[in-house]
Amino acid sequence: MSSPLSTYIVEDSPVIRENLIATLEELVPLQVVGSAEDEPTALRWLAEAGRPCDLMIVDIFLKGGTGLGVLQAAQKLRPLTKKVVLSNFATPDMRRRCLELGADEVFDKSNEIDTLIAWCMQLAGASSTSN
């Protein structure tokens with residue numbers, strides 16, 4: 001059995017964050033290793049060496065700062081970490097901007113949760129063959 005994907009979540013809504021963590025940990029072989037509700041907290045976490053992180057799930061609009069800033073910093077600080085945006089604002093322009101900043105995928109919170117789960121399952125399967 002391979003180890004679960006270590007996952008960091010950046011989401012400002014406590015209800016969405018808790019539901020997302022519960023859903024993902026139940027359906028996908030992953031473990032949430034931390035979370036933040038604003039950009040400064042996420043950036044501090046990313047900058048700390050030795051924190052495992054296979055996957056980041058980032059919202060765009062946060063209590064402080066934005067997910068775009070988190071993506072940009074994560075590209076430099078954690079280039080090997082997979083980065084996914086989960087937002088209610090997944091317009092074509094925003095999707096393109098997120099991909100330019102290093103996101104691997106962009107999912108709409110309102111109707112693409114199942115797609116996110118399937119993507120995470122695929123990632124977990126791919127990572128288990130490389131471990």
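Here are a few friendly notes on the packing and the side-chain pairs in this predicted model.

1. **Ground rules.** Residues are numbered from 1 along each chain as its sequence is written, and side-chain values use heavy atoms, leaving out hydrogens and water. Because the model is predicted, local features need pLDDT of at least 70 and side-chain atom pairs count only at pLDDT 80 or more, while totals for chains, interfaces and linings use all residues.

2. Helices (H or I, at least four residues) and strands (E, at least two) are DSSP runs, numbered from the N terminus.

3. Beyond its neighbours within four places in sequence, Leu55 is in contact (heavy atoms within 4.5 Å) with residues including Tyr8, Leu30, Val84, Trp119 and Leu123.

4. **Aromatic pairs.** There are 3 aromatic pairs. Rings of Phe, Tyr and Trp (its six-membered ring) pair if their centres lie within 6.5 Å; planes under 30 degrees apart are stacked, over 60 edge-to-face, and the rest tilted. Tyr8 and Trp45 are stacked, 4.0 Å centre to centre with 15 degrees between the planes. Tyr8 sits in β1 and Trp45 in α2 (residues 39-47), 37 residues apart. Tyr8 is buried at 1% relative accessible area, and Trp45 is buried at 7%. Here, buried means under 20% relative accessible area, exposed over 50%, and partly exposed in between (1.4 Å probe, protein chains only).

5. **Salt bridges.** The structure holds 7 salt bridges, each a side-chain nitrogen of Lys or Arg within 4 Å of a carboxyl oxygen of Asp or Glu. Asp59 and Lys109 form one of them, with their closest N and O atoms 3.0 Å apart. This pair joins the loop between β3 and α3 to the loop between β5 (105-108) and α5, 50 residues apart. Asp59 is buried at 5%, as is Lys109 at 13%. Glu11 is linked with Asp59 and Lys109 in a network of salt bridges.
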